[in-house]
Structures are given as structure tokens and as C-alpha cells.
Amino acid sequence: MNLRQLGTFGFLLLVGTFSSIPAEAQRLLCEHNDPARAPREHHADFELLEGTFRFQPHKGLIQGEVTHHFRWIRSGFDTLFLDAPNIKIISVQRAKINLDFYTIESGVIIKFPEKSIAGQSESLTIKYEATPRKGLYFIGWTDSTGLSRRQIWSQGQGIDNRHWIPMYDEMNDKIKTRLKFYFDSTYQVLSNGRLVKKEAQPDGTLLWEYVMEKPHAPYLIMVGIGKYHITQQKSESGVPLYLYLYPDRMEDFSTTYTANKEIFDFLEKEIGYPYPWPSYSQIPVQEYIYGAMENTSATVFGDFFIVDRRAFHDRNYIAVNAHELAHQWFGDLVTARSARHIWLQESFATFYNWLYERVHFGQDHYDWNRRQAQISSLREGQKNSLPIAHSQAGTTRHYPKGAFVLHMLRHLTGPENFRRAIVRYLQENAYKNVTSEDLLRAFHDELGLGLEWFWDQWVYGGGEPVLEVEEKMEDTTWAIRIRQLQEGEGVVRPFRLPLDVELIYPDGTKEIRHVVVDSLICEFRWPISSKGRPLCVIVDAGNQILRDLRHLKTSEALAAQALHATHMLDRYDGLVGLREHSLPNKKQLLETIYHRETFWAVKGEALRQLLSGWGQESSIQALWLQALTSSDNNLRHEALKALELRRVEALEPHLTRLLKISDASYSLLETALRYLSRHNTKLAIKFAKGLEPLLSRPNAQSLRATYWEIMYALKPQNKDEAWKKLVELTRPGYEFRTRLSAFQSLARLKLFPPEAQRHALQALFSTNIRLSQGGASYLKEGLKAGLIQKFELEELARLSEDFPDKKQLLASLFNY
């Protein structure tokens, strides 16, 4: 059969006819090894949560009253357990009559005077107060320096809202919410859903009331309080978009919220299902413990994504913006029934942010995302072979690997068919909980496809295919033999893989052949055409399959691939393959590739090889300078990397040109400064002086610390000023990235003064895990080097009023 005549959909149908993998065995193995394969048992279905909240922020205290409306789903129970760790329950009432209750470490058990009756509705009102260390965060209220912003914000995922609201806090329940917040009228308050009331109170506070009219999971409940300017946009479909930003950072609005409306409009169209909530808000917060969180209708993100023109190239919000918005469908509208199916949220959000990035940055950027996902997935596969549908699969599998799996599914079915199935999946499961089988069922019901084989190897099965390719050329035929080498417990053997094989002929023409690899050894043979034998054979053209591919090629084949392959990734692989090969015309080949290619990774690889082999030639130095001063910040970085690998002293003075590029990123400037500090002290000091106007900018945290680190190392007369500046930057009140950078610089300089030790000890108690780990790392470096004595830390902790539990914490950290 001529597979090329079938088209994508026909090819997919054919793939489904090949011999199957023992599917049920894969599925059962996955389930039986997963402790979170089923949701937590419960005997009540919660339907509505009404809450009223007041705060004493200087004490880190919340005072709340919450009413739960629920329905018994099982009979014969006279108690109800709610998650409420470390919450002080004041009273529990039903119809204004007190109920007995008692608390345990994990929550509260409420006693009813009669047994439950399945189907009967109930409501309970609980008054309480709490000083949570998780779930709800009070930022800056005890900062006496005035450096910190003052905020209150929540983070419910995974199961942390239980620390400030007594509730059934699991993802397998969906509730409507009506939440009221009383707070100082000079602050903005954001929560989920529609703002139905904003009312001045006699005590000078404002009442903010938000309503969610459709059910969502409890972990998605949020509050964000702070001082913000709010900009409103409107999507093409009429959805109000509210963009929060600090009033003193409004000059960075356009770079922070780049393409915000375009992202929204794109995802609504691409997903094919209307945005499911009344509005969409985004709010940055200080000291955020993750990157961002897709609370229903109201995303919280770390204020480190507020960026100027330079920082935009280091860490922009575009991908995260698209990711969290995609979660409004995948995670908020449809929510995984248990942690085993969390990939249905994170993989989808990652895949859709890839799709938008393709629109914004181009196809090559999208393919590079996939390549990085493949690299990280294969690395993770060396640790264990857990499938993506497993609660303990880990971040790499739930995010990038799962996104690559969705890419393969879309590539297999075709974009329109994929969209049709996704729309059906969302329509049938809107405002419900889902499992991986629900997604499979949607593809089957909408498209008539039996994709069990795909699910069993990519969703329920573990590992990744390892392919060894061998070419055979004979007088009248040529063949490729593909072996599957993957092995190990839980690893799929064999995978069924529909592959595109690209052939490049001596005259530069190309041809695609379709094959299906469905056994451990497959051989495919074709007659030699009138064009002759292929000069280069590319198995899995475009890297459409997540795999480890091993294919030895001649230098001629690699050169043909680097020049003529259809896909950027294949051209890049051909170019990388040439690193250890010598060719008569290699310099000319590399120059041709550099000028022809547009993507920074390919140009950068060509530049590195050119500089390595011909770095003293003026024409190559001119190419390097062109890359350093190009408009592509990634290519500028590649130029610096090339110089690191092959130092060319004559090029070093040109690094000062970076100071004149208005959007040269902070990390680029920092890399250049560190390079010069190792190789050219005089130029390093000159370069550092040129950086001084940038040091006060909010996004220059790491550059600022590096500047003072270099000043300490290279200018003896500045040592005293430099180390004092670094110690100052470790102080509480500075946001955590500034403090982390300063701790790291001090550690590199082997400086551990008592004040910095004290600041690091304070950081250990931070609810921001990155800051806490940074403080611990700094102190451990000092202990390891013998520059901090344990008794000194013990004495510091004893003397400081900030560390009430210091001895126990120090004992755990330093192995007393």
C-alpha cells in the first residue's frame, strides 16, 4: 500500500490496525503502583461555600466565618471531618444551634445529633481564626525598613487553602463560592468571579464581595490584596480582562503584559470552547513561592515577571501568561479527579502555551521547546520509568513530556480533528472532574478512532523509545533497519511509532516516506529511484516523536542534512554532528549555514565551530561581532558562549559595545562582566563602570550583586564598600531575588560576616522555599569552608528575637 496517498487521517487509521501492545497490563500496572490513583473518600458533596474574612495583617491573623452548604451522599454518619490544620475553631452552628466538635492535628470533626440520610441537604457555619504559615501569606507587614510591599495573597494548590479556610480541601469536589473581604480602603482586593459589591464601611474599610456562579475546585479559591493600578482590556468575544500592576512600575506595563489580549483571543479560537468564566484578572505579588497560579478567573503571578525591555529577554511573562490562561479550561473548567491525572491540567497548559509561543516567536521556537522537552524527558527516564498518568511522575513528565505527548497526538490526528475532540471533551465534562479515560473517550466518540494503543504507551506506559538506525545500500535497493533498544521495568517494549523518513538526494531534492515501527526490529526496503541512492536519510523527520535516536552518519550525509533538511531541528542535528568531522570545505559550509539560517541556536552552533577553527581570521571575527551586536538577544548570548569556548583576545574590547545596546539583557551584561573579570581585569573594571546607571533598576538584582562581587575581587580599594553593599542586599525587606543573588555573591567570595549570617538565619524561616533554601545554602557553604562555626550560629540564633524555634531548626539543618 502506498502510505503517502492516505493522508494523515488515513495513515492514523492504518496505524490502528497493527499488532497491539498488551494494553490492559500497562494500564493496571500504572494504577496499582500509584498511591493516588483514586480520590479521597468522603460522604458529603459540598455545593456552596460562603465566607466572610477580616485580617490583622501585622499579626498575620485571619478571622473568618464560613458557611458550607452540602448534601449527604451516604447514610448512617453522625460526624463530618473538615481539613483545618492549625486553625482555632471558635464555634460550629447549624441553624444557629451550636454543634459539638473537636479538633485534631489535621482538622476538625463535627458531631451531629442524628445520622446522615443520603440526599439530604445541610448547612454549617464555622467561626474561626488562624495565623497560617501555608495557604495565606502576609508580606511586608512587619518590615520596619519600608523596603517591602505590603500584601496578602493566597496559594491553594496543592491542598493549602485548608490552612486558612476550614473545608473539604480536595480536587475531586466542585463548589460555588460567595466570598466577602473587609480591608483598608486604600488597598485593592481581588478574588474569584464577579465583583458584586464594593461598599464603604463605618470603620474606614471597604467590603469586597465576589461570587462564583459556576462550581470550581476548592484549591482554586484565592484572594490578593495590595496596592495596584488596574488596566482593563476586552477580548474579541467581550470578556473583560483586568491587568493589575504596581503604580510605581507602570512604565513596564507594555513589556510585562506583552500581547495579553492576543493570547486570550488566540486560545479561545484555538481551543474552540468559549472562555468559561465572567472575567479574567491577573495580579502580581511579591515573594511568590512558584511562578504563577491559575486560580479560577484570577491568576496570581510572581512580580519577578514585571519586566523592563532588558529583562524581557531574560524572563518574560508571555509563556506563563498563556499557560495560566489555558488552565482556565484545563484545570479550572475540567479538573483532574485525582493527582494521578494531573497531567490533564499541566501538560495541556504547557502544550497550549507552546502553541501561542509558535504564533508569537515562530515555528523554530516551538520546535526548540519540544527539543528541550525531549532532552529533559529522556534525562528523567534515566531515573525511573513512571508514566505521565501517575501522581509521582514529577514535574518533567507532567509538564514538558505530557505537552510533547499532546503534540504527537495532534500531529497524528491533524489539528482540526484534535480541536474537535478537545471541544467534545470540554463540553461533556464542563465543571466536572475528569480522568485520562474521559479524554480517550472524547477522541473515540468524536473521531471514531481507537487510540487505546496511544494511551497505553504514552499515557499509561513508562519510558521512551530508544531507536538505533542502520542503513543498508545494495545495487538495486536500499533499506533501513530500526531497532528498539529501550528496556527496564515498566518500560513499553515495543512502542508503535508512525515515522516520517526524509530522503535527501545528491541533487538536493527531497522525498518523504512513511513507515510504522511496531516491533523490536523493523526493516524497510525500497528500490533505488532514478535519482540514485539517498545521500542522507533522516528517520523521524522534524523530531515529531519523543525518542532517543542513534544513527551514525558520514560527514557527507551530515553536511547534506545541515544544508538541506526541511526542519530546523534536523538541520541543527546535522550541524552538531559535524563538530568532530573534518571536511575540505567545512569553513565555507559553516559560513553558508550561518548566513542562511535565522534561528539563534543554529546560527550559534555554526558560529562556535567557526570561532573554534578559524577564530583568528578577520572574516570570522566580523561574523562574531555581527552576532554580538545583533537584534537577537539569544544570538548575543551564543556569541559570548563561543568566546568562552575559544578565547580570542582581540575580540574582548568589543564586549563594551553591549553597553550601548538599549535592550541588552541583564543576564547578557552579567555574563560579559564575569567573562572579562576572568580574562581582562582592566576591561572588566571599565565594563563594570559602564553598568552603574543600570544597577538601581528593579530587574537588575543579579547584575547588582555581581557588580559588587567583581568590585570586591578586582579593586582592593573598594573591598570594604563592596562587601557592605552585598550584606545590605541580604537584609529582610528586599525582595527574595535580590537577597538570593547577594547570598550567592558573598558565598563565592568566601565572606560570612555575622550580619549576613543573621540575615540568612532569618531567610530560613521564610515561607518562600527558594529564599529559605538560599539562606540554608549560604550557611552550609560557610560551615563547609570552616568560616562559620556551629556555636556561632547557635549564639546568633539564641540572641535574636526573630528565631523562637531556632535550636530545633538549626539542629535539623546542621545535623547537631
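**Entry 1: helices α4 and α6**

I looked up the crossing of α4 and α6 and found that it is right-handed. The model I am reading is a predicted one. Helix α4 covers residues 260-271 and helix α6 covers residues 318-327; their axes come within 10 Å and cross at roughly 40°. That angle makes α4 oblique to α6, because an angle under 35 degrees would be needed to count as roughly parallel. I then listed the residues that meet. From α4 these are Asn260, Ile263, Phe264 and Leu267, and from α6 they are Ile318, Asn321, Ala322, Leu325 and Ala326. I sorted the residues of this contact into seven nonpolar, two polar and no charged.

**Entry 2: helices α16 and α18**

I next turned to α16 (residues 600-614) and α18 (residues 633-645). Their axes lie 9 Å apart and the helices pack at an angle of about 25°. Hence α16 is roughly parallel to α18, since angles under 35 degrees count as such. I recorded a right-handed crossing where α16 passes α18. On the α16 side, the contact uses Trp600, Lys603, Gly604, Glu605, Leu607, Arg608 and Leu611. On the α18 side, I noted Asn634, Leu635, Glu638, Ala639, Lys641, Ala642, Leu643 and Leu645. The residues of this contact divide into eight nonpolar, two polar and five charged.

**Entry 3: helices α15 and α17**

I also examined α15 (residues 586-596) against α17 (residues 618-628). The axes are 12 Å apart, and the packing angle is about 20°. This makes α15 roughly parallel to α17. In which hand does α15 pass α17? I found a left-handed crossing. Lys587, Glu591, Tyr594 and His595 of α15 meet Ser619, Ile620, Leu623, Gln626 and Ala627 of α17. By class, I counted four nonpolar, three polar and two charged residues in this contact.

**Entry 4: a sheet of eight strands**

I traced an open sheet with mixed pairing, whose eight strands run in the order β5-β4-β8-β2-β1-β11-β14-β13. Which strands stand at the edges? They are β5 (97-98) and β13 (194-200); each has a single partner strand, so one side of each is left without a neighbour in the sheet. Within the sheet I followed the pairing of β2 (residues 61-72) with β8 (residues 121-130), which is antiparallel and extends over 10 bridges. As an example, I looked up Gly64 and found its bridge partner in β8 to be Tyr128.

**Entry 5: a hairpin**

I looked up β6 (residues 101-104) and β7 (residues 107-111), which pair in the antiparallel sense over four bridges. These two strands form a hairpin, with two residues between them. One residue I checked here is Thr103, whose bridge partner in β7 is Val108.

**Entry 6: salt bridges**

How many salt bridges does the structure hold? I found the total to be 52.

Definitions and conventions. Residues are numbered from 1 along each chain as its sequence is written. This is a predicted model: local features need pLDDT of at least 70, side-chain atom pairs count only at pLDDT 80 or more; totals for chains, interfaces and linings use all residues. Side-chain values use heavy atoms; hydrogens and water are left out. Axes are lines fitted to C-alpha atoms, for helices over the stretch in contact, and angles run from 0 to 180 degrees between N-to-C directions. Angles under 35 degrees count as roughly parallel, over 145 as roughly antiparallel, 65 to 115 as roughly perpendicular and the rest as oblique. A crossing is left-handed if the near helix is turned anticlockwise from the far one by less than a right angle, and right-handed if clockwise. Contact means heavy atoms within 4.5 Å. Ala, Val, Leu, Ile, Met, Phe, Trp, Tyr, Cys and Pro count as nonpolar, Asp, Glu, Lys and Arg as charged, and the others, Gly among them, as polar. Two strands pair if DSSP finds at least two bridges between them. A salt bridge is a side-chain nitrogen of Lys or Arg within 4 Å of a carboxyl oxygen of Asp or Glu.
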